[in-house]
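Trainee: Hi! Could you walk me through this one? I'd like to start with the aromatic rings.
Mentor: Happy to. Let's bring it up first.

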Amino acid sequence: MAEAQSTSGYLQIKNITKKFGEFTALDNISLDIHEGEFICFLGPSGCGKTTFLRAIAGLDIQTHGVIEQSGKDISTLPPSERDFGIVFQSYALFPNLKVRRNIAFGLENRGVSTPDINARVTELLELVGLPDQGDKFPAQLSGGQQQRIALARAIATKPGLLLLDEPLSALDAKVRVHLRHEIKELQANLGITTIMVTHDQEEALTMADRIVVMNHGVIDQVGTPIEIYTEPATAFVADFIGKMNFLPGQVAQSGHVKIGDISLAADTQGYAQGDEITVAVRPENIIVLEGTDKPENTVRVVVKAMEFLGSFYRATLISPKMGNVEFGADFSINMTRRTNIKLGDEVKIILPSERILVYPKGVKNG
């Protein structure tokens with residue numbers, strides 16, 4: 001399990017455990033979130049990300065552990081006494097109230113004057129790009145518009161923390177892509193500390209300042225999108241984020257791994273000669289050798305299949321000298337046309353040493 005660095009932050013989560021009977025949903029999690037950050041909790045269904053968000057909101061109080069927000073211990077406070085706004089997947093708008101009243105709801109509960117409420121609601125409708133929709137009921141709006149209104153309501157009281165629970169998953173693909181850019185831009189302009197739960201890796205990669213990858217109630221890795229993608233700390237992260245080839249091998253010697261009869265230069269730090277390992281490389285990092293040189297980590301392979309995916313071909317490759325294990329490589333359209341690679345061809349590829357990752361034995365191609 002990888003934990004966040006224990007530097008101070010706006011939101012400090014210390015050794016949080018959440019149990020439901022005998023089931024442990026969160027297992028001793030610690031994390032610091034800094035003011036103004038956009039954080040994504042990412043992972044498959046059942047990994048604990050929504051439970052984690054609900055613990056921060058006070059909707060499901062943790063079994064053990066401490067949560068501090070802006071230096072204040074909020075561990076046992078009810079949701080009404082915590083400083084956050086929340087947006088749910090289902091929008092959760094009041095169907096019998098018009099848009100303006102939906103946005104004004106939190107302000108009315110706080111006793112804000114009517115003129116100030118009207119000014120704030122008008123400001124927020126402009127902010128989310130719906131200045132003329134205030135007198136409609138939620139059912140008269142599209143899904144994307146409803147989610148914008150839910151967002152406006154969540155930030156109406158100017159909370160210190162914005163919580164987003166899979167806010168885009170109910171929308172169609174085009175609206176989802178458009179709205180995620182709007183949410184990120186709005187968050188950056190407001191400077192509000194934001195946590196978003198998602199199972200969509202593309203959302204996390206495009207929106208987050210840092211990603212928290214969760215797996216079975218623990219944090220596997222915390223890092224920037226580039227760190228998570230290029231330097232996955234565990235095989236689970238490598239497999240969950242993007243496409244990854246996993247090949248069985250062993251450490252031949254320091255700085256070299258062996259797959260079948262092929263020896264490849266790779267970073268083997270932390271492993272000893274003879275250790276059984278899993279060698280991982282992303283399909284887009286496999287390079288076709290076009291010249292006559294033979295750089296380090298050159299391997300002869302046969303193209304067993306080619307799948308056209310619009311902007312590139314995903315080729316299935318196999319090498320007898322690598323134990324006939326199949327693996328994928330992404331070939332650009334231009335390179336494929338230039339080299340005239342086709343099904344059944346034998347080609348030379350390069351597996352760049354700096355792009356090869358090594359994990360413990362047991363991970364399979366999936």
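Predicted model: local features only at pLDDT ≥ 70, side-chain atom pairs only at ≥ 80, totals over all residues.

Trainee: Let's take F41 and F52. Why is that pair stacked?
Mentor: The ring planes of F41 and F52 are at 5 degrees, and planes under 30 degrees apart count as stacked. The centres of these two rings are 4.6 Å apart.

Trainee: And where in the chain do those two sit?
Mentor: F41 is in strand 3, residues 38-42, while F52 is in helix 1, residues 49-57. They are eleven residues apart, and the pair links distant parts of the chain.

Trainee: Is F41 buried or exposed?
Mentor: F41 counts as buried, at 0% relative accessibility. F52 is buried too, with a relative accessible area of 1%.

Trainee: OK, what about F94 and F105? How are their planes set?
Mentor: Their planes are at 50 degrees, so that pair is tilted. The ring centres of F94 and F105 lie 4.7 Å apart. F94 is in the loop between strand 6 and helix 2, and F105 is in helix 2 itself.

Trainee: Which class of accessibility does F94 fall into?
Mentor: F94 counts as partly exposed, at 28% relative accessibility. F105 is also partly exposed, with 33% relative accessible area.

Trainee: Switching topic: what volume does the largest pocket have?
Mentor: About 500 Å³. It is lined by 16 residues, and the closest to its centre are F84, G85, I86, F105 and G106. So you meet F105 again there, the partner of F94 in the tilted pair.

Trainee: Which elements give two or more residues to that lining?
Mentor: Strand 6 (84-88), helix 2 (99-109) and helix 4 (143-155). Strand 6 gives the most, with four residues.

Trainee: How do the lining residues divide by type?
Mentor: Into eight nonpolar, five polar and three charged.

Definitions and conventions:
Residues numbered from 1 in each chain as written. Heavy atoms only, no water. 1 Å grid on protein atoms, 1.4 Å probe; cavity = no way out; pocket = protein on both sides within 12 Å on 5 of 7 lines; lining within 4 Å. Points joined across faces, edges and corners; volume = space filled by probe spheres on them. Nonpolar A, V, L, I, M, F, W, Y, C, P; charged D, E, K, R; others polar. Phe/Tyr/Trp six-rings, centres within 6.5 Å; stacked < 30°, edge-to-face > 60°. Buried < 20%, exposed > 50% of the residue type's maximum accessible area, 1.4 Å probe, protein only.
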